[in-house]
Amino acid sequence: MIRKNLKLDILAISAHPDDVEVAAGGTLLHHIAMGQKVGLLDLTRGELSTRGCVETRTHEAFEAAKRLGVEVREQLDLPDGFFTDDEPNLLKIITNIGKYQPDIILTTATNDRHPDHARAANMVVQAAFLSNLIKIKTLEEDQIQETWKPKAIYHYNQDSLNKPDFVFDISSYIEKKFEVVCAYKSQFYDPLSTERETPITCKLFFEAIRGKNAALGRTIGVEYGEAFNVVRSIGVQNLFNLL
Ligand SMILES: [Zn+2]
């Protein structure tokens, strides 16, 4: 699914395959339906997941990408659980920001149960800043890295119940979101599975996600919502565009 010179409107950069689908799948579906170009970049292949092997995880990730309708999904293959915030890894993220020139970056929560999430969020913020510096050299030889400055970075809400800075209305996309998430068959509830139980394989996990989306929707007067945090202030040009 790798394409060169594809300009994206939104690039979601996540620690693991399935992070963005669970946390912000409805938001992605909304923007794709609006005709915007969306891509996914996974730092790891989720190879430490309790259930499923890496081949299964990868197959499921690309099936989820197909169901979402994104333009591209790439996986950097950094080590799940152990990737480090260092120059070579930041350069890999910078390379992809320059390559896809996203106006908006969605990324992981700044604090969360899984330690990879906050580390990834911090790396993405650094990479987005560094990607606009002309003297940064990326790892690929014979390739001139174009500088690029994304307009905004939004951190999607994951396991931790961080107080959102805004809630996005996903009421029209809640069922489609679960169709996308169900592409990760090995990761969620399967009564026939003999593999070990985890917090996301229990029967109630989908209900918990739906309930969280419903509770968030209620806070803005709609059926379902997804929550985001943003470090900089959000600018508004028309008060009537706010719910
Ligand atoms: Zn994750």
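Leaving out residues up to four places away in sequence, Ala 227 touches Asn 157, Pro 164, Val 167 and Leu 216; a contact here means C-beta atoms, placed from the backbone, within 7 Å. Ala 227 counts as buried because it has 25 C-beta neighbours inside 10 Å, the cut-off for buried being 20 or more other C-beta atoms within 10 Å. Its C-alpha atom is separated by 8.3 Å from that of Asn 213, 14 residues apart along the chain.

A word on the source: this is a predicted model, where local features need pLDDT of at least 70, side-chain atom pairs count only at pLDDT 80 or more, and totals for chains, interfaces and linings use all residues. Residues are numbered from 1 along each chain as its sequence is written.

Ala 227 sits in strand 7; strands are DSSP E runs of at least two residues and helices are H or I runs of at least four, numbered from the N terminus. The open sheet has seven strands in the order 3-2-1-4-5-7-6, with mixed pairing; strands pair if DSSP finds at least two bridges between them. Strands 3 and 6 each have a single partner strand, so one side of each lacks a neighbour in the sheet. Strand 6 runs antiparallel to strand 7, joined by four bridges, and Phe 168 stands opposite Glu 226.

| Helix | Strand | Angle |
|---|---|---|
| Helix 1 (residues 19-33) | strand 1 (10-14) | about 175° |
| Helix 6 (residues 205-219) | strand 7 | about 75° |

How values were computed
Two residues are in contact if their C-beta atoms, placed from the backbone, lie within 7 Å. Axes are lines fitted to C-alpha atoms, for helices over the stretch in contact, and angles run from 0 to 180 degrees between N-to-C directions. A residue is buried if 20 or more other C-beta atoms lie within 10 Å of its own, exposed if 12 or fewer, and partly exposed in between; C-beta atoms are placed from the backbone.
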